[in-house]
Amino acid sequence: MSGGVAAGAFGALLGLGGGVLIVPLLTLGFGLPFREAVGASLVCVIVTSSAAASVYLQRDVANLRLGMTLEMFTAIAALAGGLIAFMLPDRVLAIMFAALLLYVALTMVRARDAREARGVSEGRAAAGGALAPEDGPVVGDDGDRETATAEPAIDGGLAASLSGPGYRIHNLGRGVLGSLLAGIVSALFGVGGGIVKVPVMNLIMGVPMRVATATSNLMIGVTASAGGLIYLFRGGIDPYVAAPTAVGVFVGASLASRLADRVDLPVLRLLFIAVLVVTAAQMALRGIG
Amino acid sequence: MNDARLERTIGLVLGAGAIISFCLLAIGIAGMGVTHVGPLDRPFPPFDLNRLGSDLVALNPAGFLWLGLLAVILTPSVRVLASLLGFAAAGERRMVAVAAIVLAAICLSAALGAGG
């Protein structure tokens, strides 16, 4: 449970989903089989997603129509991903997860460089990060691609009906592809998939960063649920591990909202990038055997 | 039902689901402590819907843990169902169809998971 608290707090402070932290913690730290770690992680992801999306919806930040339209594809892809996960050997999954960790580390470095180039304060991103498991480190809080005035809405009426106040959706087809990828990644590795969805919505579809983050959180619950049901029925969820970890993550993410102003986030982020790289190496070694 | 009201209603559904799940899991974890069950104890109790009721009546921690985990996993589905009803009440057929497809995908996951 204390590991879950730490994972929840770190994840919320850094704007990351729990899965990136929980799966290595359970596999490398506690020796759990990869699939059981993914099963526990999916449960954690759903808990934090439900809590965060609840707040976002009541504050009218998330785009419900866009989220539901895209989650048709994330859910179907998560279904496929869940089935694939039970066909692949643990070792292969571990190596693929190591690649995912490196990708996350790389995107955090790029986001940091982008923030430094803009001279943006780090604190703002963190303040909204607690209980927002998939804030997506790829672009910062200030990485908004604002309204889609430069490009015509090529997807016609459907895209227009999914647009929100002050922005217009475009590139819906590429958004669908991104959603399919996010669903598979979620079910294979026990992550929310926000690392894919947030940049796709923000940079490709023209959704403001804040709305993309909130909408991603909304979608994560259904995506992880579709994958989680396969893990549940196929014995991939250990209740003795999943329950304490999920409660720990929830508590940790809640605590982080009170700590966000007191933490030196640039230092924490650098430390975390180093941890991700080391963890990726250990995960790859585990995969290689 | 207008969009803002629907979103607030769905937000409340999600919040309630999170709180109910949290409470059930917390009861189960407390039960683990009382019965001296550790998180890494093996084998863990398998998920069996037929045993859930009797485990709960017997105050077996596994019953509360599984019910809490079910509540966690099904909360997003309840959200989708609430959305479907809200859009149906508003006469938005396209969004009703979208919600129905999402629900169907979730049901298919459960069926394929149980069937495997």
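**View 1. Asp60(A) sits in the loop between helix H3 (34-58) and helix H4 (64-85) of chain A.** Helices here are DSSP runs of H or I with at least four residues, numbered from the N terminus. This is a predicted model, in which local features need pLDDT of at least 70, side-chain atom pairs count only at pLDDT 80 or more, and totals for chains, interfaces and linings use all residues. Residues are numbered from 1 along each chain as its sequence is written, and chains are lettered from A in the order in which they are written. Although Asp60(A) is not a glycine, its phi is positive, about 60°. Asp60(A) counts as partly exposed because it has 16 C-beta neighbours inside 10 Å (buried means 20 or more other C-beta atoms within 10 Å, exposed 12 or fewer, partly exposed in between, with C-beta atoms placed from the backbone).

**View 2. His36(B) lies in a loop of chain B, between helix H1 (3-34) and helix H2 (49-57).** Here, too, look at the backbone: His36(B) is not a glycine, yet its phi is positive, near 60°. With 7 other C-beta atoms within 10 Å, His36(B) is exposed.

**View 3. Ala75(A) is among the residues with the most contacts inside the largest nonpolar core.** That core has 127 residues; a nonpolar core is a set of buried Ala, Val, Leu, Ile, Met, Phe, Trp, Tyr and Cys residues joined through C-beta atoms within 7 Å. Leaving aside neighbours within four places in sequence, the contacts of Ala75(A) include Gly183(A), Val222(A), Val102(B) and Ile106(B). Two residues are in contact if their C-beta atoms, placed from the backbone, lie within 7 Å.

Definitions and conventions. Helices (H or I, at least four residues) and strands (E, at least two) are DSSP runs, numbered from the N terminus.
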